[in-house]
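The points are grouped by topic.

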Amino acid sequence: MVAPYDVVVLGLGGMGSAALRSLAGRGCRVLGLEQFEPGHDRGSSSGGSRMIRQAYFEGPAYVPMLVRAYEMWRAAEHDLGERLLTLTGGAFLGPPESRTVTGSLTAARHWNLPHELLDAAVISRRWPAMSPDPATVAVVEPTAGFVYPERAVVGNCRLAAAAGAEVRTGERVLCWQASAADEGVRVTTTAGSYDAGGLVVTAGPWAPQVLADLGLPLVVERQPQYWFAPDRPEYGVGRLPVFICELADGVQIYGFPDADGHGPKFGIFRLDAPPVTADTVDREVHLEEVARMRRQLAHIVPVAAAAPLAKAVTCLYTTSPDEHFVIDRHPAHPQVVLATGFSGHGFKFVPVVGEILADLVVDGTTRHDIEMFRLSRPAMAAA
Ligand SMILES: Cc1cc2nc3c(=O)[nH]c(=O)nc-3n(C[C@H](O)[C@H](O)[C@H](O)COP(=O)(O)OP(=O)(O)OC[C@H]3O[C@@H](n4cnc5c(N)ncnc54)[C@H](O)[C@@H]3O)c2cc1C
C-alpha cells in the first residue's frame, strides 16, 4: 500500500513548524499534527523574543549552522513579508576567565567573526542601563539580536500550508507505530489514524513521553521569563543589546531590550531547576522567584532590577546531559527522525534544524555536521 502521506510531523512548535515548511517546500505530501495551536505558550517557543548570536560559547562547532540559520531567517522574512529578526548587538559579559567570555572569544576567533572585547567602563558608557562590576569584561558581537518565536512558528505553518502541507491542530498524538519491515509509520491521534512513509518527532518538552521507547536521559525544566518596567529609554531596542552576564558564582543571567512593549525581558539561563513534566508543571511564577531575579539583575541592570514587574511567565527547557541537541534517526526505525534536547538554546537554529530534519527523513543523511547531536554519543548513554 502507498502511504497517503510521505511524512507526518509530530508537534508544530519551533522545530516542527520549520520541518513542515522545509518538507512542503520540497514537494513532499506532509501532514503536521499539533495538540494546541501554533504559537501557543505551553511549550518552549513562547515569550516574545529569542536571542540569536554567532560567537557561540557553547562550542565553535555550532557556528556553521548559525551562519546558515541567519541566511534562512532573512529568507523567511522575505517569504512572509514580516520582520522575524532584529539585530541589536550582543554583549557576553563576565569575569575574564568565565566560560561566557572565553567561550565567546574562542568561537569568534576560530571563525573570524566580527567582535570587540570591552572593559566595564566602556560597557557602561556605551549602554547606560548597564553597570557591571569593575572586573567584568564583555565580548561584543555586532550581529547578535533576537527573533520573534510565536511569529516564526505561525509564519512557518502558514508558508508550509501555502506550499501544500496539511496542518491539523487541537489534535494530540496518542501513539505511533512503525510498520512491518520499517516501510512506514502509523500515527494515532485523538481524532484518527494516519499512515505515512516517515515521521519527524519534534515534541519539545513532551519528547520524554512521545519517545518513551528510547528512555532518553532528558530533563524537562521550568524556566521563568520576567519583564520589568523601568520606563527609561535606555532599555529600548537600539539602546540596550541582548546580553548574557555570568556572575561570580557562575550563574548566567540574560536580558533583552523592550521587544514587544512589555518592557525589557530577563531570565536565568539554565537555572538549576527541579525536573517537571509538560503536563503537570506549575505555570505560576512566585514572589520569591521574582525577588531572586531582582537580586541577580542588580549586578548588571540596577534600574530594571528595582522597577515594577510587568509580567512573568514560565517556559520549558528539554535538557540533555551535555546540553547539546539531539538530532538523529531513530536507532530501530530509520524512517523516524527526531529532534529534541535543545537545552534552552535551540530557537535561533529553528530554520536550519527544519532543513536538517527534512534532509534526514527524505534522504537519510544531511550535508550539515550533526555528529555532536547523535543519540550514540557517550553523554546520551549516561542515563
Ligand atoms: C525561557 C526560555 C528562554 C529561551 N531563550 C532562548 C534564546 O534566547 N535563544 C534560543 O536560541 N533558544 C532559547 N530557548 C530555547 C528554545 O526556545 C527551544 O530550544 C525551542 O523553542 C524548542 O523548540 P521545540 O520545537 O523543540 O519545542 P516546542 O516549541 O515546545 O514544540 C513542541 C510542540 O510539539 C507539540 N506536541 C508535543 N507532543 C504532542 C503530541 N503528542 N501531539 C501533538 N502535538 C504535540 C507541542 O504542543 C508543541 O507545540 C529558550 C527557551 C525558554 C523556555
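**Helix α3 and its surroundings**

Helix α3 covers residues 99-110, twelve residues in total. From first C-alpha to last it reaches 16 Å, close to the 16 Å expected at 1.5 Å a residue. The model is predicted, and local features need pLDDT of at least 70.

- The buried residues of α3 are T100, V101, G103, S104, L105, A107 and A108.
- An α-helix has 3.6 residues a turn, so residues three or four places apart point the same way.
- Just after α3 comes N112, with a positive phi of about 55°.

**Positive phi outside glycine**

- N112 is not a glycine, yet its phi is positive, at about 55°.
- N112 sits in the loop between α3 and β6. Its relative accessible area is 70%, so N112 is exposed.
- A181 is another residue other than glycine with a positive phi, here near 65°.
- The loop between β10 (173-178) and β11 (185-189) holds A181. A181 counts as exposed because its relative accessibility is 69%.

**The α2-α9 crossing**

- Helix α9 spans residues 350-363. Its axis and that of α2 come within 7 Å and cross at roughly 105°.
- The two helices, α2 and α9, are therefore roughly perpendicular to each other.
- On the α2 side, the contact is made by M65, R68, A69, M72 and W73. On the α9 side, it is made by V350, P351, V352, E355 and I356.
- By class, the contact of α2 with α9 has eight nonpolar residues, two charged residues and no polar ones.

- Is E355 buried or exposed? E355 counts as buried, because its relative accessibility is 10% and the cut-off for buried is under 20%.
- E355 belongs to helix α9.
- Neighbours within four places in sequence aside, E355 is in contact with S22, R26, R68, M72, R367 and H368.
- Of these partners, R68 and M72 are also on the α2 side of the contact with α9.

**The three-stranded sheet**

- Three strands form an open sheet in the order β3-β8-β4, with antiparallel pairing.
- β3 (50-52) and β4 (85-87) are the edge strands, each pairing on one side only.
- From one strand to the next, the twist averages 30°.
- Strand β8 (residues 145-147) pairs with β3 in the antiparallel sense over three bridges. Across this pairing, R50 stands opposite V147 in β8.
- α2 packs on the sheet and touches β3, β4 and β8. The direction of α2 makes about 120° with that of β4.

- Strand β19 covers residues 336-340. Five of its five residues are buried, so β19 is largely enclosed by the rest of the structure.
- V336, L338 and T340 point one way from β19, while V337 and A339 point the other way. All of them are buried.
- In a regular strand the side chains alternate between the two faces of the sheet.
- Strand β12 (residues 193-201) pairs with β19 in the parallel sense over three bridges. V201 stands opposite L338 in β19.
- Strand β18 (residues 326-329) runs antiparallel to β19, and four bridges join them. I327 stands opposite A339 in β19.
- β18 and β19 form a hairpin, with six residues between them.

- Where does L214 lie? It is in the loop between α6 (207-210) and β13 (219-228).
- L214 is partly exposed, with a relative accessible area of 22%.
- L214 and H330 are 116 residues apart along the chain. Their C-alpha atoms are separated by 8.6 Å.
- Leaving aside neighbours within four places in sequence, L214 is in contact with H330, P331, L338 and L375.

Note on methods
Residues are numbered from 1 along each chain as its sequence is written. This is a predicted model: local features need pLDDT of at least 70, side-chain atom pairs count only at pLDDT 80 or more; totals for chains, interfaces and linings use all residues. Side-chain values use heavy atoms; hydrogens and water are left out. The expected span of a helix is 1.5 Å times one less than its number of residues. Buried means under 20% relative accessible area, exposed over 50%, partly exposed in between (1.4 Å probe, protein chains only). Axes are lines fitted to C-alpha atoms, for helices over the stretch in contact, and angles run from 0 to 180 degrees between N-to-C directions. Angles under 35 degrees count as roughly parallel, over 145 as roughly antiparallel, 65 to 115 as roughly perpendicular and the rest as oblique. Contact means heavy atoms within 4.5 Å. Ala, Val, Leu, Ile, Met, Phe, Trp, Tyr, Cys and Pro count as nonpolar, Asp, Glu, Lys and Arg as charged, and the others, Gly among them, as polar. Two strands pair if DSSP finds at least two bridges between them.
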